Amino acid sequence: MHTHKFYEMLILVVIIVLDLALGTFPFGSNFSNIGGFTSGFLLGFVILTRRQHHWLNLNKSNTSQKQESYQYALRIISFVLLSVGLVGGGVLFFKGVDLNDYCSWCHYITCAPPSCKPGYIFCEDYQIGNKLNVTCLNNGRSGVFSLSNRNPDEQAEELCYRLCGK
């Protein structure tokens, strides 16, 4: 069916590597790339199983189509894994569970090397009058603080570290 199997496989590998590389940029997610790849792989076993053709008689055009037992097993296992993954992922999503709390190394999947340093924190702050609102983007904690006579940028950085727990 495919004449240049090696080149077609090479193109697929290059596309996968590029997708994973692009997932490390800000606002990209390798979790979605990996989830889509896994779902597509499992759906391939569920939907696209190849039927085995056995010729009953070479002189007649009658054919018998059947699936081998391993194909049935792969189809069932893939369907169960896909169903459990989708239902479990949906339940965890709607419950608001952050799996990064349970996986200490998962943040390395979606970060570019400069931001992969341990303890790297992100905060968002804005000032209204003499009040400074600081939100830690790592854990969602926020607070409103009164500004003193010190430099507001230094104060925002100090408050960010306090909110993020570093």
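The model is predicted: local features need pLDDT of at least 70, side-chain atom pairs count only at pLDDT 80 or more, and totals for chains, interfaces and linings use all residues. Residues are numbered from 1 along each chain as its sequence is written, and side-chain values use heavy atoms, without hydrogens and water.

Start with the fold. The chain has four helices and five strands. These are DSSP runs, numbered from the N terminus: helices are H or I, at least four residues, and strands are E, at least two. Along the sequence the pattern reads α-α-β-β-α-β-β-β-α.

Next, confidence. pLDDT is the predictor's confidence in each residue, from 0 to 100. Its mean over the chain is 77, and 77% of the residues reach 70 or more.

Now burial. Of 166 residues, 16% count as buried. Buried means under 20% relative accessible area, exposed over 50%, partly exposed in between (1.4 Å probe, protein chains only).

Finally, the surface. Glu124, Asp125, Asp153, Glu154 and Glu157 form a patch of negative charge there. Patch residues have over 30% relative accessible area and no salt bridge, with like charges joined within 9 Å. A salt bridge is a side-chain nitrogen of Lys or Arg within 4 Å of a carboxyl oxygen of Asp or Glu. Strand E3 (123-128) and helix H4 (152-164) each give two or more residues to the patch. H4 supplies the largest share, three residues. Glu157 sits in helix H4. Glu157 counts as partly exposed because its relative accessibility is 48%.

Definitions and conventions. Patches are made of residues with over 30% relative accessible area and no salt bridge: like charges are joined within 9 Å, nonpolar side chains (Val, Leu, Ile, Met, Phe, Trp, Tyr) within 5 Å. Accessible areas come from the Shrake-Rupley method with a 1.4 Å probe; for residues, only the protein chains shown count as cover. Lys and Arg count as positive and Asp and Glu as negative; His and the chain ends are not counted. The place of a charge is taken as NZ of Lys, CZ of Arg, CG of Asp or CD of Glu.
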